[in-house]
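Please take a first look at the model shown here. The report below walks through some of its parts.

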Amino acid sequence: MSAEKSPVPNLEQYQTKFNLKEILYWLQRFQSILGLIVVVILASILCVRNGENLFLDPINLANIVRSVSENGIIAIGMTLVILIGGIDLSVGAILGLTATAAADLMMNKDLGMVFTLFIVLLMGALIGWLNGLVVTKLSIQSFIVTLATMSIARGIARFWSGGIGVPITYGEEANLAPSAFSFFAERVYGVPVPAIIFILLAIIFFTVLKFTRFGRYVYAIGGNETAGHLSGLKVDRIKILVFVICGLLSAFAGIIHAAQLSQGSPNDGNGYELNAIAAVAIGGTSLMGGIGTIFGTIVGVLILGVLDNMLGLLNVNSNLQMVVKGTIIIVAVVLQKANSNK
Amino acid sequence: MSNGRIEVRKWLFLSFALLLSLMLGACSDSSENTSSTANSGSGGEEKKEFLIGMSQANLGEPWRVAMNDQIQAAADEHPELKVVFADAAQDNSKQIADVENFIQQKVDLLIISPNEAKPLTAVVKKAYDAGIPVIVLDRKVEGDAYTQYIGGDNKLIGKKAGEYVAKVLGEKGGRVVEIKGLEGSTPQQERHDGFLEGISSNPNVKVIASQNADWLRDKAITVMENILQANKDINVVYGHNDPAAEGAYIAAKNSGREKEMIFIGIDGLPTPDGGLKAVMEGRLSATYIYPTGGKEAIESAIKILLDKEEVEKTVILDTIEVTKDNAEQVYKQFGGK
């Protein structure tokens with residue numbers, strides 16, 4: 001400490017530096033929302049025809065939310081799995097299997113809607129349970145395990161229906177589906193039912209992750225599994241539960257999918273796992289585990305949906321659409337890397 | 001550390017710049033349209049340009065590439081028509097989104113070849129009910145919420161193929177393998193039913209295997225390989241389209257068994273990799289011209305949009321049976337080089 005220095009330090013300079021740093025901090029913390037805002041603004045500006053704004057039309061926005069609902073529901077489950085440091089590649093296959101099963105049970109086996117939904121959701125939960133069990137008890141990486149169950153679920157789906165789609169026709173007689181099932185394809189006050197289900201599930205799991213003990217355990221295990229173990233957490237049980245939830249949510253998405261298309265096809269859901277992972281990554285969840293939020297995932301899901309919609313409304317070549325999407329994902333993940341390097 | 005952040009921000013701006021330029025590139029395409037189109041809001045003013053949305057099922061099929069090309073070629077002759085294409089790549093959900101986007105853009109007319117009938121019926125009805133004229137090509141939707149359907153008579157083609165097989169196999173009869181199209185698409189069902197009707201005249205002709213290859217050549221190769229393994233005695237392979245028959249041929253050739261059986265396809269495109277060439281070169285025994293209806297769709301569009309006329313609900317296109325005898329002549333007739 002030099003005696004020549006002024007006893008009262010100049011605080012002015014520190015004040016501005018602090019503000020700049022703080023701004024940057026919040027910018028990067030909420031990068032996903034910023035990304036969504038940027039994409040929405042872009043879409044609103046570009047998607048205009050004959051003076052009408054195609055993008056900001058309520059019908060279009062409803063279409064967007066409907067088309068992202070399936071991915072969104074799966075992404076909620078995927079968030080949980082990635083938070084504990086795992087990954088689930090079987091979600092798309094589970095969707096295909098449950099969609100096919102739901103269609104077949106209602107149409108050909110003539111089971112009522114409630115019974116069908118119960119069995120189908122149980123199927124998803126069981127596959128999730130299988131995933132969790134093998135990952136924890138046999139200590140095999142979730143990537144490999146879920147890759148295998150992806151194949152198994154897909155195979156079961158194809159075998160179940162002979163490889164072809166099962167159409168769903170509504171009616172009262174035997175061998176027709178109960179018309180109540182079409183509820184999943186309808187709109188309530190203009191809002192598509194799948195969107196309502198997606199939002200409800202998002203709120204539920206947002207609350208679970210943020211405010212319950214289970215949520216805290218999930219973050220703890222993801223952050224440092226050994227520490228979690230040493231703290232007395234039942235790591236295995238929590239991990240299994242997470243995989244069960246993911247399977248369950250994928251089954252739910254499968255039910256909605258079948259209702260939307262009026263058919264259950266065993267080949268549907270191909271690649272859905274990648275869309276879900278992309279949404280989760282764009283939303284700010286680290287693929288290493290421990291960092292991320294449901295809110296971020298929802299934003300990620302919406303960014304992908306708005307992008308798809310914007311490119312569609314602009315009639316961009318379908319192949320270019322894939323290029324654009326991939327670019328966005330890289331940008332988003334690079335941003336996260338910078339964030340976590342702090 | 002702050003260096004890293006600057007690095008990242010550089011990348012970020014670069015990527016968004018790239019993105020923006022892509023957007024503007026695509027946008028300039030449609031903004032040309034926006035500026036030259038008369039404002040549809042102002043009452044009674046005549047439209048100078050019409051936007052037609054074409055929702056294709058799967059450009060992975062060469063026949064559908066030909067369909068889009070023929071639509072584009074026919075539209076090029078009418079400067080008032082602008083056609084934009086969307087490809088669903090065999091994904092029903094994507095095709096639903098494609099049609100919704102067209103509805104959102106308030107296209108003046110929708111041409112659609114639906115991937116599968118059931119999943120696409122609701123959204124096509126939405127377009128129709130919104131006042132957009134709908135022309136359905138090749139594959140049908142359920143119900144009748146569309147302006148016009150243009151397609152070949154798939155049942156008749158299947159029947160002709162069946163009758164050809166019954167005739168060629170003669171009294172001794174034989175064993176037939178069927179390589180089917182995508183299960184939920186109507187041409188598949190009709191070509192299957194028609195074929196069974198066609199061979200019914202000859203009780204010694206039996207279909208010993210029938211599998212879906214979804215109209216795709218690579219799937220047909222795999223499917224045929226399995227069938228070849230399981231069946232040592234095959235006389236005829238009936239593919240629901242030329243790529244399926246060609247795929248089966250490739251599988252048979254790989255096992256050295258292609259000379260044991262004859263191959264029949266449907267489509268008859270006059271392209272270098274099409275069915276007509278395949279018949280001329282001896283790989284296929286017969287094929288059936290299946291017109292795409294692209295040209296007819298644009299002709300109907302002109303009638304509906306410019307002449308404001310009514311059009312017939314159903315237009316059935318003719319077919320021609322092509323064998324070695326007439327392949328060359330038909331090839332030249334349809335513009336093959």
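## Terms and numbering

A residue is called buried if 20 or more other C-beta atoms lie within 10 Å of its own, exposed if 12 or fewer, and partly exposed in between, with C-beta atoms placed from the backbone. This is a predicted model, in which local features need pLDDT of at least 70, side-chain atom pairs count only at pLDDT 80 or more, and totals for chains, interfaces and linings use all residues. Residues are numbered from 1 along each chain as its sequence is written, while chains are lettered from A and ligands numbered from 1 in the order in which they are written.

## Ala62 of chain A

Ala62(A) is partly exposed, because 16 other C-beta atoms lie within 10 Å. Ala62(A) sits in helix α3 (residues 58–83) of chain A. Helices (H or I, at least four residues) and strands (E, at least two) are DSSP runs, numbered from the N terminus.

Neighbours within four places in sequence aside, Ala62(A) is in contact with Gly190(A), Val191(A) and Pro192(A). Contact here means that the C-beta atoms of two residues, placed from the backbone, lie within 7 Å. Met310(A) is 248 residues away from Ala62(A) along the chain, and their C-alpha atoms are separated by 14 Å.

## Chain A overall

Chain A has 13 helices and six strands. Its C-alpha atoms fill a box of roughly 95 × 65 × 35 Å, taken along the principal axes. Of the 342 residues in chain A, 49% are buried. Take the contacts in chain A between residues at least 6 apart in sequence: 78% of them join residues at least 24 apart.

## A helix pair in chain A

Helix α7 (residues 193–211) and helix α12 (residues 294–313) of chain A pack at an angle of about 150°, and their axes are 9 Å apart. Axes are lines fitted to C-alpha atoms, for helices over the stretch in contact, and angles run from 0 to 180 degrees between N-to-C directions. On the α7(A) side, the contact is made by Ala202(A), Phe205(A), Phe206(A) and Leu209(A); α12(A) brings Ile294(A), Phe295(A) and Ile298(A).

## Nonpolar cores

A nonpolar core is a set of buried Ala, Val, Leu, Ile, Met, Phe, Trp, Tyr and Cys residues joined through C-beta atoms within 7 Å. Which residues touch the most other members of the largest core? They are Met78(A) and Ile255(A), in a core of 98 residues. Helix α10 (residues 235–261) of chain A gives the largest share of this core, 16 residues. A second, separate core has 85 residues, among them Val99(B), Ala213(B), Leu216(B) and Ala251(B).

## Strands of chain B

Six strands of chain B form an open sheet in the order β2-β1-β3-β4-β5-β11, with parallel pairing. Two strands pair if DSSP finds at least two bridges between them. β2 (81–87) and β11 (314–317) of chain B stand at the edges with a single partner strand each, so one side of each is left without a neighbour in the sheet. Neighbouring strands of this sheet are turned by 15° against each other on average, direction ignored. Four bridges join β1 (residues 50–56) to β3 (residues 109–112) of chain B. Met54(B) has Ile111(B) in β3(B) as its bridge partner.

Strand β6 (residues 174–180) of chain B runs parallel to β7 (residues 205–212) of chain B, joined by seven bridges. Glu178(B) stands opposite Ser210(B) in β7(B).
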